[in-house]
Amino acid sequence: MGLPIPPRPSAPAGLLDRCAAERVTGALRGPHGCFYLLDGAVYCVEDAAAPGLEARLTAAGKVPPQGWQYAVETAGPQLRGGQFLVSEGWLTQGELEICHLAALLDAAFFALPLPPEATSFTPGTAHWLGAVRRVSATALQQATARRRALLDQLRPWAAVDTSPVIPVHARASARTTSRQRRLLDRADGRHTPHELARALGQSAFMTLLDIRRLAAAGLIHVPQAPAALPRRQPGASLDGHPPPAAEEHHTPTWQLPVPELLDTADPDIALLVRLRTALEENL
Amino acid sequence: MPGIDQVLSQAMGIPGVLGAGLIDWTSGLTLGTAGQAPHGDHDAAAADTAEVVQAVTRNATFDTAGTAGPALEDLIITAADSYHLIRFVHTAFDSQTCLCLWLDRAQANLAVARLRLRDLAAELVPS
């Protein structure tokens with residue numbers, strides 16, 4: 001699955017600003033992301049392109065495998081899922097708040113801007129995690145714009161955003177950060193940056209940024225599509241030399257089998273001949 | 001265990017502190033604030049701090065600890081009248097967060113402030 005970079009935000013006063021000005025509470029659902037608002041402030045964002053709280057905490061081993069579903073069923077109806085994760089002793093309040101905000105910010109990057117024609121608002125809808133922390137719509141959009149500016153500095157390498165990449169082995173000893181080395185270890189030419197981010201439970205934005213930086217440093221490249229099996233050219237030779245001159249061109253002809261090949265002492269052939277004879281007699 | 005607001009309010013008890021904040025250093029988003037900010041603008045301070053942190057994190061020069069855990073701990077900026085102390089908050093899950101302290105140079109002890117901030121980061125996210 002690719003990781004589309006949405007176009008730059010155009011209108012300064014978008015849907016999110018209007019919701020903030022009107023201090024609405026509910027869910028603003030765009031084409032692939034959803035913003036949950038409380039009194040006009042954003043307290044949860046989900047987007048298909050960004051690993052959410054569950055993916056991050058599960059990858060880090062913070063929440064046991066069935067723990068997430070248990071939390072949804074137990075504390076979801078009261079909209080206090082976040083506090084439930086803390087009360088179970090799986091993480092501290094500080095960890096919950098930081099992880100939640102990191103996931104919110106990452107999702108907002110891919111969900112913004114919300115196209116007005118493809119966004120619907122459902123008043124009163126709340127997220128089961130509850131309002132762990134709130135961020136103002138203005139601050140969130142400014143933060144997203146700053147992140148976008150970082151990626152834009154590496155725009156010439158945007159081709160690697162949606163492609164599986166592989167490390168350039170000859171340059172493996174070059175200077176990299178630990179985050180980049182982790183990506184290089186996982187870059188196998190089969191998974192896109194988006195899939196790597198999900199597998200590692202890490203920020204999809206940071207993954208894109210690191211992948212673009214690695215591409216800019218010449219440390220990764222997009223593998224060539226597997227070539228079709230080579231077709232034999234008439235007259236081509238194994239060592240790659242061009243075929244001989246036209247006067248030596250032969251028209252291909254079917255050769256009859258060498259007669260001696262049919263005279264064999266192999267008992268299997270004799271058996272097959274007897275079988276054929278028997279079958280013909282029964283026709 | 002304390003949340004962001006409790007830790008920042010404890011940070012205000014460090015001698016000489018003028019203001020404190022928790023920021024996401026990839027975007028400059030303010031995750032929490034307490035006290036004053038330079039020029040009275042916490043959001044601008046967070047955005048400027050994020051640029052400093054990014055300059056350090058994107059370069060391998062400051063990341064030489066190999067694969068054994070996170071390498072960066074503090075960034076310290078000393079100025080004529082103040083100190084800026086930035087502490088990376090390391091988490092088991094992926095996040096890009098740091099605690100920031102703005103200190104009055106005449107009142108603060110840089111070594112004490114650094115150790116107190118380290119302990120507060122560990123309270124926010126136990127290692």
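Because the model is predicted, local features need pLDDT of at least 70 and side-chain atom pairs count only at pLDDT 80 or more, while totals for chains, interfaces and linings use all residues. Residues are numbered from 1 along each chain as its sequence is written, and chains are lettered from A, with ligands numbered from 1, in the order in which they are written.

**Chain A as a whole**

- Chain A holds 10 helices and six strands; these are DSSP runs numbered from the N terminus, with at least four residues (H or I) for a helix and at least two (E) for a strand.
- Of the 283 residues in chain A, 36% are buried. A residue is buried if 20 or more other C-beta atoms lie within 10 Å of its own, exposed if 12 or fewer, and partly exposed in between, with C-beta atoms placed from the backbone.
- Among contacts in chain A with a separation of 6 or more, 73% join residues 24 or more positions apart. Two residues are in contact if their C-beta atoms, placed from the backbone, lie within 7 Å.

**Two domains in chain A**

- Chain A is divided into domain 1 (15-152) and domain 2 (156-221), with bounds that come from an automatic or database domain assignment.
- The centres of these two domains, taken over C-alpha atoms, are 26 Å apart.
- Their contact takes 15 residues from domain 1 and 12 residues from domain 2.
- On the domain 1 side, H2, H5 and H6 of chain A each supply at least two residues.
- That side has 11 nonpolar, one polar and three charged residues. Here Ala, Val, Leu, Ile, Met, Phe, Trp, Tyr, Cys and Pro count as nonpolar, Asp, Glu, Lys and Arg as charged, and the others, Gly among them, as polar.

**A hairpin in chain A**

- Strands E2 (residues 33-38) and E3 of chain A pair in the antiparallel sense over six bridges; two strands pair if DSSP finds at least two bridges between them.
- One bridge joins Leu37(A) to its partner Val42(A) in E3(A).
- Two residues lie between the strands of this hairpin, where Asp39(A) takes a positive phi near 55 degrees.
- Six of the seven residues of E3(A) (residues 41-47) are buried, so this strand is largely enclosed by the rest of the structure.

**Helix H6 of chain A**

- Which residues of H6(A) are buried? They are Ala137(A), Leu140(A), Gln141(A), Ala143(A), Thr144(A) and Arg147(A).
- Seen down the axis, these buried residues fall within an arc of 160 degrees, so they line one face of H6(A). The arc is that of the directions from the helix axis to the C-beta atoms.
- Thr138(A), Ala149(A) and Asp152(A) are exposed on the other side of H6(A).
- The buried residues of H6(A) pack against elements of both chains, including H5 of chain A and strand E1 (17-24) of chain B.

**Where chains A and B meet**

- Each chain has a share in the contact: 29 residues from chain A and 29 residues from chain B.
- H5(A) gives the most to the chain A side, with nine residues.
- The chain A side divides into 11 nonpolar, 10 polar and eight charged residues.
- Helix H5 (93-111) of chain A is also among the elements that cover the buried residues of H3(B).
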